[in-house]
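I looked up a few residues, a helix and the surroundings of the ligand.

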Amino acid sequence: MTTELERLEQQKAYYRARAGEYDEWFERRGKYDHGEQWNARWRAEVEEVRRALAAFRPTGRVLELAAGTGWWTAELLRYADEVTVVDSSPETLAINRARVGDAPVRHVVADLFAWQPDRQYDMVFFSFWLSHVPPSQFAPFWGMVKAALKPGGRVFFIDSQRSQTGTAADQTLQLDEQVEQTRRLNDGNSYTIVKIYYTPADLQARLAQLGWDVTVRRTDNYFLYGEGVRHELTRREG
Ligand SMILES: C[S@@+](CC[C@H](N)C(=O)[O-])C[C@H]1O[C@@H](n2cnc3c(N)ncnc32)[C@H](O)[C@@H]1O
């Protein structure tokens with residue numbers, strides 16, 4: 001068993017080393033190709049979440065945490081005036097930068113467990129990140145999200161459901177209570193990282209305890225997504 005600190009360091013190293021092959025996962029290529037039937041379901045569920053984000057309308061000044069190679073950054077740019085993206089991997093942010101071109105995006109290389117927002121945003125977005133936040137960092141992470149939001153600011157996030165066809169063919173899914181996973185890259189090197197699969201009800205309840213009024217929904221197989229605001233803001237506005 002690795003320590004939490006080791007897992008977080010390996011997690012950063014893993015995503016740096018994985019940058020060039022990261023999109024194989026989202027595009028269902030290589031070891032993520034589970035056959036056309038499952039790939040088509042994946043694409044349909046991506047589209048369902050994409051539509052939910054469009055309905056949410058992520059307008060104004062947007063902060064995207066752990067933005068990675070930028071598939072969702074490009075989606076945010078359909079609505080946002082400007083996007084600040086933060087990620088600890090310069091390699092993934094280089095791909096992100098190439099993807100968004102000359103769009104109004106500020107790229108920040110930083111460790112999210114140490115980073116503090118330097119301005120306030122209309123909304124905060126993160127995809128496939130919360131499942132990599134260890135339990136000890138869950139409340140501090142949401143405290144940072146709160147600090148990043150203007151009064152009345154909103155949050156939208158996307159994450160993974162536990163699903164064998166959602167992950168690599170050579171990846172064994174861990175048991176319910178486990179918070180770590182060993183991941184192998186195409187070069188055979190392996191890394192131990194944090195991975196937590198939430199259910200919508202559990203996640204929504206945990207967020208309510210921290211003062212968030214967030215609704216978490218799921219797609220049939222692969223994704224969960226949440227959207228909302230802080231409780232006290234809702235009350236004040238009501
Ligand atoms: C699963 S990927 C998600 C990327 C992107 N949001 C997406 O939807 O594809 C996780 C991202 O978190 C970044 N990351 C890992 N540890 C981090 C840390 N401590 N601080 C900031 N970013 C981190 C990785 O570099 C990687 O880009």
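**Entry 1: Val 229.** I started with Val 229, which has 18 other C-beta atoms within 10 Å and is partly exposed. A residue needs 20 or more such atoms to be called buried, so I left Val 229 in the partly exposed class. I am working from a predicted model. I placed Val 229 in strand E9, residues 223-230. I then checked Val 229 against Phe 156: the two are 73 residues apart in sequence, and their C-alpha atoms are 9.1 Å apart in space.

**Entry 2: backbone angles.** I looked up two residues with positive phi. Arg 57 is not a glycine, yet its phi is positive, about 55°. I found Arg 57 in the loop between helix H3 (36-56) and E1. Arg 57 has 13 C-beta neighbours inside 10 Å, so I noted it as partly exposed.

Phe 128, also a residue other than glycine, has a positive phi near 55°. I located Phe 128 in the loop between E4 and H6. I counted Phe 128 as partly exposed because it has 17 C-beta neighbours inside 10 Å.

**Entry 3: helix H6.** I checked the length of H6, which runs over residues 135-148. At 1.5 Å a residue its 14 residues should span 20 Å, and the end C-alpha atoms are 21 Å apart, so the two values agree.

Which residues of H6 are buried? I found Trp 142, Val 145 and Ala 148. Looking down the axis of H6, I saw that these buried residues fall within an arc of 115°, so they line one face of the helix. I also listed the exposed residues on the face turned away from the buried side: Ser 136, Pro 140, Gly 143 and Ala 147.

What do the buried residues of H6 pack against? I noted four strands: E1 (60-65), E4 (121-127), E5 (149-160) and E8 (212-218).

**Entry 4: the ligand.** I looked up what surrounds the ligand and got 20 residues. The closest are Tyr 15, Ala 66, Gly 68, Ser 89 and Ser 127. Helix H1 (4-18) and helix H4 (71-76) are the elements that give two or more residues to this shell. H1 gives the most, with four residues. I sorted the shell by class and wrote down ten nonpolar, seven polar and three charged residues.

Note on methods: Residues numbered from 1 in each chain as written. Predicted model: local features only at pLDDT ≥ 70, side-chain atom pairs only at ≥ 80, totals over all residues. Near = placed C-beta within 6 Å. Nonpolar A, V, L, I, M, F, W, Y, C, P; charged D, E, K, R; others polar. Expected span 1.5 Å × (residues − 1). Buried ≥ 20, exposed ≤ 12 C-beta atoms within 10 Å, placed from the backbone. Arc of directions from axis to C-beta. Contact = placed C-beta atoms within 7 Å.
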